[in-house]
Amino acid sequence: MSLLTKQISVFVAFSCLLLLGCESEKNATYYQKTAADWESYVSEISDSNGVSLENTIILVLKSSECAPAISELKMWDDFISEDNKFSVKLVIIEKYERASQVFLEEQDITLPSFFDTDGLVLERNLLPTTPMKVFINGEGTIEKMGSIDSRSSAKDFLSMGA
Amino acid sequence: MIKIYSTPKFLCVVLTWLALFLFSCTKDHLPNDQKRLGLKFFDSITLAHSEPLFGKFYEKFKITKDGKYWVFADKMREKIFVFTNKGKFVNTIGKSGQGPEGIERIAGYDINSKNEIFIYDSSQRMLKVFSINGELLKSNNFLDQVTFGITPMEMYWYQDKILATIIENSYMFDPSNSKLLAKIDTKGRIDTLFGSFDSFIKQNNSYSFFNKMMIDTVQGTVYTNLVSSPFFQKFDLDTYERTQYLGEKFEKFRLPDREINANVSIQEINKRLENTTHVVSIYLINDYLVQHYQNLTKEWFQTTDYSMKENFLIVYERENYDLISEIDTDYTLGAVHDNKLYFIEDFNPDNYTIGIYELVNETN
């Protein structure tokens with residue numbers, strides 16, 4: 001990568017981050033949350049009870065997220081059609097449902113989705129920031145968290161090996 | 001001597017000086033006492049449904065010079081949506097994807113007096129010119145060899161060329177030494193780089209090199225405003241010299257308490273930017289120069305819901321650049337055309353509503 005390209009990348013990345021809130025910070029305290037905490041949250045934002053989030057990867061991002069986050073969504077969209085062992089769910093933080101639906105349509109994302117219209121996921125301290133993904137294992141505990149930024153494959157994130 | 005001090009003429013001089021002194025103090029600290037401006041409601045228009053549906057427009061939009069069309073950039077679709085000034089949907093401009101007509105990332109757009117719309121696609125580094133009906137007129141690879149980056153969404157037509165605020169790549173981490181503006185033709189050839197950053201950038205803790213701009217086509221000047229500065233600069237577009245550095249620090253203006261730099265995490269940057277003010281745009285309206293500011297609230301960072309930001313206007317007299325008024329507004333100022341202010345009263349795409357207002361003198 002040339003110096004010029006690198007500098008432009010830094011500029012674009014910083015612009016994107018500053019303007020749109022593209023974030024990637026991890027925080028270990030959020031590992032204390034459980035599937036029950038997440039299920040309660042999901043039932044609140046979707047008015048649906050009985051959502052099971054065990055063995056589930058939850059992707060949380062704002063509708064105005066940067067390109068790397070969006071391309072990772074597509075990766076998970078492909079992953080879910082190849083692998084039935086895990087479930088993948090998407091939470092979009094966006095006040096207007098129509099904006100979220102246009103986002104999904106435009107990006108051609110078919111993942112089961114929930115709409116968090118008030119940023120409740122941050123208010124409930126389930127995550128330190130967005131865009132982030134959480135893997136809840138079969139025991140209902142948070143096994144892994146990470147930013148959504150296209151840097152790792154689905155298998156890497158789930159530590160399944162190549 | 002006693003006789004001189006007691007003359008009516010001497011007393012008159014003393015009283016005049018006293019009055020001038022008192023008035024000048026009042027002007028510095030209570031600008032609203034000089035002239036009070038307000039907003040007068042004029043009309044309200046809700047956009048009709050479009051096909052395809054739009055998702056989320058950028059906060060600012062453009063109005064054609066003849067006032068007939070309102071032109072919005074949609075973040076979700078990466079398309080331009082055109083509506084009439086009555087809110088009726090006309091068409092979209094651009095197609096998703098790559099190639100001459102394809103648009104991947106709208107990073108700037110503007111309309112000239114012939115109602116031609118240029119779109120800068122930063123992802124493909126291409127500049128496209130379309131008619132208002134969506135017909136592609138030109139498409140050029142753009143800025144392939146340049147040594148600067150363009151501030152997102154700050155590009156304007158000026159005399160068949162494009163004026164943009166920039167930052168030179170080599171000064172990315174030291175913007176105070178960078179050129180500020182670029183004049184570029186539609187083939188992507190650089191005409192001139194000129195201007196320099198507001199020196200306030202060294203003391204504002206913000207690490208933000210974005211600038212807003214406004215062209216005065218009558219005077220042939222351009223105003224620029226660093227987003228994290230209360231001050232603005234004025235440049236002559238013939239000589240490219242800075243002619244004035246203006247503005248005042250006002251009470252509501254707030255900078256981050258702690259420095260923001262490249263080593264700080266984004267989560268921490270957002271925290272440090274909570275409840276700070278930044279300039280969204282500057283406009284020339286009647287005899288005034290108006291800065292539109294927003295206060296970035298915690299709720300805004302949590303949701304990126306535009307309506308969670310607090311909006312206010314800072315108004316200067318254009319004659320002498322005295323700060324004369326601060327106006328809190330309930331809505332985001334989206335555009336200014338023909339001395340009317342277009343506020344976005346509802347961002348809900350199912351009820352997207354533009355309120356049209358005028359700036360009026362409320363001083364009795």
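Predicted model: local features only at pLDDT ≥ 70, side-chain atom pairs only at ≥ 80, totals over all residues.
Local features need pLDDT of at least 70 and side-chain atom pairs count only at pLDDT 80 or more, while totals for chains, interfaces and linings use all residues. Residues are numbered from 1 along each chain as its sequence is written, with chains lettered from A and ligands numbered from 1 in the order in which they are written.

Helices (H or I, at least four residues) and strands (E, at least two) are DSSP runs numbered from the N terminus. Helix 3 of chain A covers residues 67-82, and its 16 residues should span 22 Å at 1.5 Å a residue; the expected span is 1.5 Å times one less than the number of residues. The end C-alpha atoms are 23 Å apart, which agrees. Its buried residues are A:Ala69, A:Glu72, A:Leu73 and A:Trp76. They cover an arc of only 110° around the axis, so they are on the same side of helix 3 of chain A. The arc is taken over the directions from the helix axis to the C-beta atoms. Buried means that 20 or more other C-beta atoms lie within 10 Å of the residue's own, exposed that 12 or fewer do, and partly exposed in between, with C-beta atoms placed from the backbone. On the other side of this helix, A:Asp78, A:Ser81 and A:Glu82 are exposed. The cover over the buried residues includes strand 1 (56-62), strand 2 (87-93), helix 4 (97-107) and helix 6 (154-157) of chain A.

In chain B, helix 3 (residues 266-273) has B:Ile269, B:Asn270 and B:Leu273 as its buried residues. These fall within an arc of 100° seen down the axis, so they line one face of the helix. B:Asn275, which follows helix 3 of chain B, has a positive phi near 60°.

Chain B also has an open sheet of four strands in the order 20-21-22-23, with antiparallel pairing. Strand 20 (276-285) and strand 23 (323-329) stand at the edges with a single partner strand each, so one side of each has no neighbour in the sheet. From one strand to the next the twist averages 20°. Strands pair if DSSP finds at least two bridges between them; strand 22 (residues 310-317) and strand 23 of chain B pair over six bridges. Opposite B:Glu326 in strand 23 of chain B stands B:Ile314.

B:Ser131 lies in the loop between strand 10 (126-130) and strand 11 (136-141) of chain B. B:Ser131 counts as partly exposed because it has 13 C-beta neighbours inside 10 Å.

Technical notes: Contact = placed C-beta atoms within 7 Å. Axes fitted to C-alpha atoms, helices over the stretch in contact; angles between N-to-C directions.
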